[in-house]
Amino acid sequence: MVSDLVLLPQFLTNGLVIGSGYVLVAVGLTLIFGILHIVNFAHGEFYMLGGFAAVLGSQLLGLPALPTLLVVAVVMAAFGLVVERVVFRPLGGKDPTNAIIASFGLSVLLQNLMLKTVGAEPMAVKSGFAPGAIQIGNVFITAERIAIVAAMAVIVAALLLVLRYTWTGRALRSLSENPTVALISGVNVRRVSLITFVIGSVLAGLSGALMSTVFMVQPNSGALIVMKAFIIVVVAGMGSIEGAIIVGLALGLIESLVAGYMGNELRDIVGFLIVILVLAVRPQGLFGLKTERS
Amino acid sequence: MLECTNVDAGYGKVMILHDLNLTVRQGQLSAILGSNGSGKSTALKTLAGLVTPVKGQITLDGKRIDGLPANAMTEHGMCLVPQGKEVLAGMSVEENILIGAFHRRKDKSGIAEDLDRVYSQFPRLKVRRKAAAGVLSGGERQMLSLGRALMSRPKLLLLDEPSAALAPKVVGEISDILRGLRETGLTMLLVEQNVSMAVELAEEIHILREGRIAHSRLNGPDFDTSDLKAYYLGSGA
């Protein structure tokens, strides 16, 4: 057990990096689960596919970092579009259990498809950045890790701007608030649902791509991250994007501190303890407060 | 303007409307009255595209529109102000109003003009334009719901019990607003349980009973509400 406070800035930095990955994947799940109410257990596989799309861009096509992310975004947008149309739209309006089971099936299918195609060996995404860590005070950090935090900040800021200031963003928020009002206001709910699903898929894929520069990618990379994403969405409050950002970062920081000071084996337990506690005390989540007049 | 012919509609296998026949004329404010469970709200939801008819046809200005989704109905000029003063609680008052103009979002100058008009019709909304819609009072929510619908530039406004659960003073304000809209020539179809409000405003009254129009008559100075009771209670012809 390490109790030295000298390491605190390093733990916090590590937590910020992990938390940034969580934020992207959880904001994506907030759109799909929190707004469209699709319980998508294959969201972790979207993350994993993003990692492999980045391998395709960086390794096979030899692209630098930004064009690789563009490839990931395009591949995941196309993938999200097909999945929404083929898997989830036909199940819309029916018993939600159907979609849950379909998402489990999709998860198994995607994992095994990748196992068959690329094998079980972990693969690294080459960022093209200079190797070695940069030292800032007591903190050591690689360029890839800085890029994860920076990319998360840019992507999330862009998403928030789109949500607040564009018609598509307003339509998406109206759908989140009250689908009937959205519909009678002239919002094409089917189209906006598709756009929402696609954005959610792209965010998961980008998270997978960015995180794979540090942690590598393999067919089962998404298995744990999907549970973390559900924890974040539920703790934040269904549909709360700002909440998912805060809780995602907080979970990354808490996990890092727990791993550093209490033992690495406790890292993956802490999130589940938090979600149980929050659900007992505040079932609507920390940021799930509705401004309803009593 | 609106022709509804032999429409059957309901939820799943339960049919609520049976051979519904209804005509709304251009520039007219028509009202549908009926007791609880008579199918008033289902009739409006069917016209608004929220419930799909299983039989019959609906035409607006001669164009067949039955079976279209609700967003397409709004694009065609038929907009619903739903029961329950439904608003987008977490969004600002101004965002709530603007979303009503979604289908004509490229018309920036027209939307700005209409927003000013809505604010002049509902000054309280202008004062509270940055507030979250969820904190508005019942009356303010109803005004917001109306303002949002007006932003779609409707040809026909469908109003589902706009006076429900409101204080008498606020009901008076809503009546004044509807009267003002009637003066502008806007065609409206009003569903109400508040008979005195409907009789005061409407030019034609339809009585709905068990999903059918049981009686229709034009309103006028000699209109006697006493026979409405008979239709409400089921003894009318």
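Let's start where chain A and chain B meet: in this predicted model, 6 residue pairs make polar contact across the interface, counting pairs where both residues have pLDDT 80 or more. There are also 2 salt bridges across the interface. One pairing to look up joins B:Glu95 with A:Arg173, where the closest N and O atoms sit 2.5 Å apart.

Which elements of chain A give two or more residues to the side that touches chain B? They are α6 (167-177) and α7 (179-184). Of these, α6(A) supplies the largest share, with 6 residues. Sort that side of chain A by class and you get 6 nonpolar, 7 polar and 6 charged residues.

Now zoom out to the whole contact. Chain A puts in 19 residues, while chain B puts in 30. Together the two chains bury about 2300 Å², and 62% of that is on carbon and sulfur atoms.

Next, move to another part of chain A: helix α3, which runs over residues 65-88. This helix has 24 residues and spans 32 Å from its first C-alpha to its last, close to the 34 Å expected at 1.5 Å a residue.

Several residues of α3(A) are buried, among them A:Thr68, A:Leu69, A:Val72, A:Met76, A:Phe79 and A:Val83. An α-helix has 3.6 residues a turn, so residues three or four places apart point the same way.

Key: Residues are numbered from 1 along each chain as its sequence is written. Chains are lettered from A and ligands numbered from 1 in the order in which they are written. This is a predicted model: local features need pLDDT of at least 70, side-chain atom pairs count only at pLDDT 80 or more; totals for chains, interfaces and linings use all residues. Side-chain values use heavy atoms; hydrogens and water are left out. Contact means heavy atoms within 4.5 Å. Buried area is the accessible area (1.4 Å probe) that two parts lose on being put together, summed over both. A salt bridge is a side-chain nitrogen of Lys or Arg within 4 Å of a carboxyl oxygen of Asp or Glu. A polar contact is a pair of N or O atoms within 3.5 Å; within protein, one must be able to donate a hydrogen and the other to accept it, and residues adjacent in sequence count only if both atoms are side-chain atoms. Helices (H or I, at least four residues) and strands (E, at least two) are DSSP runs, numbered from the N terminus. Ala, Val, Leu, Ile, Met, Phe, Trp, Tyr, Cys and Pro count as nonpolar, Asp, Glu, Lys and Arg as charged, and the others, Gly among them, as polar. The expected span of a helix is 1.5 Å times one less than its number of residues. Buried means under 20% relative accessible area, exposed over 50%, partly exposed in between (1.4 Å probe, protein chains only).
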